[in-house]
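Hi,

Here is the structure I said I would pass on.

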Amino acid sequence: MAFARLAQVTTPTARIGLGLAAVGRPGYINLGRRRDLPAERSVEAMRDRTHQVLDAAYARGVRYLDAARSYGRAEEFLASWLDGRPDVRDVVIGSKWGYTYVADWRTDAETHEVKDHSVATYERQSAESRALLGDRLDLYQVHSVTPGSPALTDPELHGRLARLAAEGVTIGLSTSGPAQAEAIRAALEVTVDGNPLFRTVQSTYNLLEPSAGAALAEAHQAGCAVIVKEAVANGRLAAPEQLPEALRRVARETGAGPDAVALAAVLHQPWVDVVLSGAATTAQLDSNLTAATLRLDGGQREALAALAESPETYWHHRAELPWA
């Protein structure tokens, strides 16, 4: 599997990847974007910011980079960064298909992305991804799979994905919503010619929403690489104005930022291969990366575990976050 090359990197920060959702488009649901990004979010300004964060991440040892067709121009920005650094050959590149970006570079669009897991969308978007990333594409994931997705049941789509796997691209999926565990377990049952189709799972898992943990552990046990996204809950576990008191306390005790504590809590799970930083600034990235060597004691982990919400509460709150 192409994604398996990541296991050869042994530096602590290699367990932290960089997700480009926050810098590939002008609008997103992360808190604090008005503070983190320039007021003028032109294509050029966002490309420059993406390249700055990519430069910093690579210099600090990050080796997994994660994009998606729906992240505005994230694939384009990543491709131009790779083109400008031909000596960078040790990164692993992942992207996703299944959502189409439709906001036309506006933050006030009524709809920002449209979901469709059909064969037709796969054919169109995979061609778009390969046109930009070429043979640098190591991992291609179905974006935001839920239990009702045809990505779990459509044999024609499975056959197309298996053909891509035969070309050397690892096939994975990401999940979202309160039924992530159900989607993960269904994905583990999908086979083509007797072989498992999905070799990586990328899911939301954080101090507020840990409900997919047992299913992710099962995926890891079954041989899938596990990637965790939204470890700081779209900023809810980093924004100073709304930090849970237990997180504030552990941050004070460790001398680390609350974002690093939240990421470290995820990294303490033995089934996690990579947790994504969604940094929009190099300062955020630096703070996030301190999680790679941060150790939390049993009492601290127990106090943080008490922050968990019900999946329904968490995902309802996430759906209410404004695009900014």
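**Aromatic pairs and charges over rings**

There are eight aromatic pairs in the structure. To pair, rings of Phe, Tyr and Trp (its six-membered ring) need centres within 6.5 Å; planes under 30 degrees apart are stacked, over 60 edge-to-face, and the rest tilted. Before you go further: this is a predicted model, with local features needing pLDDT of at least 70 and side-chain atom pairs counted only at pLDDT 80 or more, while totals for chains, interfaces and linings use all residues. Numbering runs from 1 along each chain as its sequence is written, and side-chain values use heavy atoms, with hydrogens and water left out.

Tyr58 and Trp81 make an edge-to-face pair, because their ring centres are 6.2 Å apart and their planes stand at 65 degrees. Tyr58 belongs to helix H2 (residues 43–59) and Trp81 to helix H3 (residues 74–83), so the pair ties together parts 23 residues apart in sequence. Helices (H or I, at least four residues) and strands (E, at least two) are DSSP runs, numbered from the N terminus. Trp81 counts as buried at 1% relative accessibility, whereas Tyr58, at 22%, counts as partly exposed. The cut-offs there are under 20% relative accessible area for buried, over 50% for exposed and partly exposed in between (1.4 Å probe, protein chains only).

Tyr58 also has Arg63 over its face, 3.7 Å from the ring centre. For a charge to sit over a ring, NZ of Lys or CZ of Arg must be within 6 Å of the ring centre and within 35 degrees of the ring normal. Arg73 does this with Trp105, its charged end being 5.9 Å from the centre of the ring.

Another edge-to-face pair is Tyr314 with Trp315, at 5.3 Å centre to centre and 80 degrees between the planes; Tyr314 and Trp315 are both buried. Trp97, Tyr122 and Tyr140 form one aromatic cluster.

**Positive phi**

Most residues other than glycine have a negative phi. Trp105 has a positive one, near 60 degrees, and is placed in the loop between strand E4 (99–101) and E5. Asp193 is also not a glycine, yet has a positive phi of about 55 degrees. Asp193 lies in the loop between strand E8 (191–192) and strand E9 (195–196) and, at 77% relative accessibility, counts as exposed.

**Helix H9**

How many residues of helix H9 (residues 258–267) are buried? Ten of its ten are. The elements that cover them include strand E1 (16–19), strand E11 (225–229), helix H8 (245–254) and helix H11 (298–305), where contact means heavy atoms within 4.5 Å.

**Pockets**

The largest pocket has a volume of about 1,000 Å³. A pocket is an open set of points on a 1 Å grid over the protein atoms alone, where a 1.4 Å probe fits, with protein on both sides within 12 Å along at least five of seven lines; lining residues have an atom within 4 Å of a point. Points are joined across faces, edges and corners, and the volume is the space filled by probe spheres set on them.

Its lining has 48 residues, with Tyr28, Ile29, Asn30, Glu230 and Asn234 nearest the centre. H9 is among the elements that each supply at least two residues of that lining.

The second largest pocket holds about 230 Å³ of space. Of its 14 lining residues, Phe3, Leu6, Ala7, Asp273 and Val274 are closest to the centre.

Best wishes
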